[in-house]
Amino acid sequence: MFHFTYYTPTKVVFGKGAEEQVGALVKEQGCKKVLIHYGGGSVVRSGLLNRVKAALDREGVAYAELGGVVPNPRLSLVYQGIELSKKEKVDFILAVGGGSVIDSAKAIAYGVAEEADVWELYDHTRQAQACLPVGTVLTIAAAGSEMSNSSVITKDEGGVKRGYNNDICRARFAVMNPELTLTLPPYQTASGCTDILMHTMERYFTPNGTMELTDCLAEGLMRTVMRNAQILHADPGNYDARAEIMWAGSLSHNGLTGCGSDGGDWASHGLEHEIGGMFDVTHGAGLAAVWGSWARYVYQACLDRFVKFAVNVMGVKADGAPEETARKGIEAMEDFYRSIDMPTCFSELGISPTQEQMETMAKMCIVAGGGKKGVAKVLLEADCLKIYEMANH
């Protein structure tokens with residue numbers, strides 16, 4: 001076990017109709033003007049945007065607005081948001097949407113608070129010293145950005161997708177009404193469940209610094225997500241399952257399931273970021289498509305954890321050699337992905353990268369990782385390329 005600091009300053013308001021409290025929550029922050037940041041038309045069509053505006057109006061909170069966030073949120077819109085916020089003298093950013101919207105809102109909040117180019121943070125050439133306060137109204141259970149210190153932005157030129165972590169961007173509050181996720185398409189629901197799982201799996205597959213309690217929390221969260229993902233696959237309107245998934249999404253990425261560890265592996269996320277940057281795929285689906293190949297490539301270097309995962313999470317009987325048990329756990333995980341219509345290779349994801357494209361992704365993955373990636377097995381450029389090649393069928 002390693003020493004750790006667990007920091008979760010986000011106030012959570014959870015349940016039906018929770019969005020009605022947005023005005024009061026913003027007013028508590030003492031701000032004068034809010035930027036409402038959102039994505040496409042769903043928050044408009046559902047009436048959520050109007051309900052949020054009405055809640056702000058009731059509390060006398062002024063606001064500007066900027067829509068247009070897309071999956072794998074773009075730096076160009078972040079720049080627009082920074083310019084608009086400065087023009088309108090905004091002092092609070094309110095994200096109404098899923099992880100992409102929240103990530104974009106965090107980037108805008110960094111950019112307004114400092115004069116330097118915000119991309120320098122994501123390019124890891126400097127650290128943020130200031131950030132406007134951010135609040136969230138969550139509409140998609142997936143990224144966990146509503147309670148995390150992370151955000152991921154894609155630079156339009158070259159499709160460079162990079163993440164940045166800093167506690168100063170953590171949301172002041174997270175409004176979570178599971179009813180807001182009821183209209184999500186099945187593919188987005190399943191992708192979100194996969195992303196939630198992966199946030200805990202990345203922390204779980206580590207050879208260093210484990211705690212029994214943290215492991216039990218992580219294993220219980222993974223089992224809960226898989227069980228309720230399958231419920232939603234058969235019954236998308238199940239409110240209780242939506243609630244379980246939404247809360248799991250927050251707990252999976254607020255640091256809880258990594259307390260006492262070395263921080264986790266994160267190679268699968270690094271590999272997927274290059275896939276998402278090049279092919280603009282849905283993040284959770286990209287993770288599912290590459291995970292099995294990563295797992296088969298690294299499991300022998302982290303065998304005890306893969307065996308523990310197989311037995312405690314996937315229900316595999318440990319009646320054979322440890323290697324066999326680990327492989328059965330990997331196969332069972334891929335079977336789960338297929339059961340909710342998630343891909344387990346590139347062809348199922350709908351992409352066919354060329355050798356040159358895979359070599360580029362491998363190189364960029366290691367550049368983003370500062371020369372290496374992962375702790376379950378430390379990966380260099382040749383290792384990343386091999387994993388891409390394994391997934392390319």
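1. Buried here means under 20% relative accessible area. The model is predicted. By that cut-off, Y122 and Y164 are both buried.

2. The search of the whole structure gives 18 aromatic pairs. In one of them, the ring centres of Y122 and Y164 are 5.9 Å apart with the planes at 65 degrees, so this pair counts as edge-to-face.

3. F205 and F306 make a stacked pair, with 4.2 Å from centre to centre and 25 degrees between the planes. F205 belongs to the loop between α7 and α8 (212–234), while F306 is in helix α12 (residues 303–312), so parts 101 residues apart in sequence are tied together. Both F205 and F306 are buried. They also belong to a cluster linked by ring pairs, whose members include W291, W294 and Y337.

4. Helix α7 (residues 186–204) spans 27 Å from first to last C-alpha over 19 residues, close to the expected 27 Å. Of these 19 residues, 16 are buried, which leaves α7 mostly covered.

5. How many disulfides are there? The count is zero. The sulfur of C365 has its closest cysteine sulfur in C384, at 4.1 Å, which is too far for a bond because the cut-off is 2.5 Å. C365 is buried, at 1% relative accessible area, and C193 is buried at 1% as well.

6. On the surface, M1, F4 and Y6 form a nonpolar patch with about 330 Å² of accessible area together. M1 lies in the segment before β1 (11–14) and is exposed, at 60% relative accessible area.

Notes
Residues are numbered from 1 along each chain as its sequence is written. This is a predicted model: local features need pLDDT of at least 70, side-chain atom pairs count only at pLDDT 80 or more; totals for chains, interfaces and linings use all residues. Side-chain values use heavy atoms; hydrogens and water are left out. Buried means under 20% relative accessible area, exposed over 50%, partly exposed in between (1.4 Å probe, protein chains only). Patches are made of residues with over 30% relative accessible area and no salt bridge: like charges are joined within 9 Å, nonpolar side chains (Val, Leu, Ile, Met, Phe, Trp, Tyr) within 5 Å. Accessible areas come from the Shrake-Rupley method with a 1.4 Å probe; for residues, only the protein chains shown count as cover. A salt bridge is a side-chain nitrogen of Lys or Arg within 4 Å of a carboxyl oxygen of Asp or Glu. Helices (H or I, at least four residues) and strands (E, at least two) are DSSP runs, numbered from the N terminus. The expected span of a helix is 1.5 Å times one less than its number of residues. Rings of Phe, Tyr and Trp (its six-membered ring) pair if their centres lie within 6.5 Å; planes under 30 degrees apart count as stacked, over 60 as edge-to-face and the rest as tilted.
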